[in-house]
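User: I am new to this structure and would like to understand how its descriptions are reached. Could you take me through them step by step?

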Amino acid sequence: MSTPTIIEPATPPRTRWAAIIWGFLFSSVAAIALWMLADADRRETLADGLLALTPTTVNMILVLTIGVLLLVGGAVGLIRRAQRTLAATAPAPLHEVPEPLAE
């Protein structure tokens, strides 16, 4: 007795580029922070630098930080759009899926 089969298009799993890019950004920030805080001399230099900041400099750093986050978000969006466009235009490979047996 043979089992009837249904042929369905199979889509390969997508790479989650947003997670890769955001993970790389946050791990880079964490690595730099750990490097800065690991040595007493670097900690003192960082503390002196932070105490010397003016309100204008703090505001500009905040604006630049928001800009970098928006830039990364936009890049992730562009990559996602390109990935969806490629997935829609590429033909999906076919594979056979066996139907459940009737009881």
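Analyst: The protein has 3 helices and 2 strands, and from the N terminus on these elements run β-α-α-α-β. Helices (H or I, at least four residues) and strands (E, at least two) are DSSP runs, numbered from the N terminus. This is a predicted model, in which local features need pLDDT of at least 70 and side-chain atom pairs count only at pLDDT 80 or more, while totals for chains, interfaces and linings use all residues. Residues are numbered from 1 along each chain as its sequence is written, and side-chain values use heavy atoms, with hydrogens and water left out.

User: Why is Gln 83 called buried?

Analyst: Gln 83, which lies in helix 3, has a relative accessibility of 18%. Buried means under 20% relative accessible area, exposed means over 50%, and partly exposed is in between (1.4 Å probe, protein chains only), so Gln 83 at 18% counts as buried. Buried residues make up 3% of the 103 residues in the protein.

User: Which residues does Gln 83 touch, not counting those up to four places away in sequence?

Analyst: With that exclusion, Gln 83 touches Arg 14, Thr 15 and Trp 17, where contact means heavy atoms within 4.5 Å.

User: What makes Arg 14 partly exposed, and where is Arg 14 found?

Analyst: Arg 14 has a relative accessible area of 38%, and therefore counts as partly exposed. Arg 14 is found in the loop between strand 1 (5-9) and helix 1 (17-37), and together with Arg 16, Arg 80 and Arg 84 it belongs to a patch of positive charge on the surface.

User: What makes a group of residues a patch?

Analyst: Patches are made of residues with over 30% relative accessible area and no salt bridge, where like charges are joined within 9 Å and nonpolar side chains (Val, Leu, Ile, Met, Phe, Trp, Tyr) within 5 Å. A salt bridge is a side-chain nitrogen of Lys or Arg within 4 Å of a carboxyl oxygen of Asp or Glu.

User: Which residues form the nonpolar patch, and why is Val 58 called partly exposed?

Analyst: Leu 37, Leu 46, Leu 50, Leu 53, Val 58 and Ile 61 form this surface patch, with about 480 Å² of accessible area together. Accessible areas come from the Shrake-Rupley method with a 1.4 Å probe, and for residues only the protein chains shown count as cover. Val 58, in helix 3, counts as partly exposed because its relative accessibility is 42%.

User: Why does Glu 44 count as exposed?

Analyst: Glu 44, placed in helix 2, has 52% relative accessibility and therefore counts as exposed. Asp 39, Asp 41, Glu 44 and Asp 48 form a negative surface patch.

Terms used: Lys and Arg count as positive and Asp and Glu as negative; His and the chain ends are not counted. The place of a charge is taken as NZ of Lys, CZ of Arg, CG of Asp or CD of Glu.
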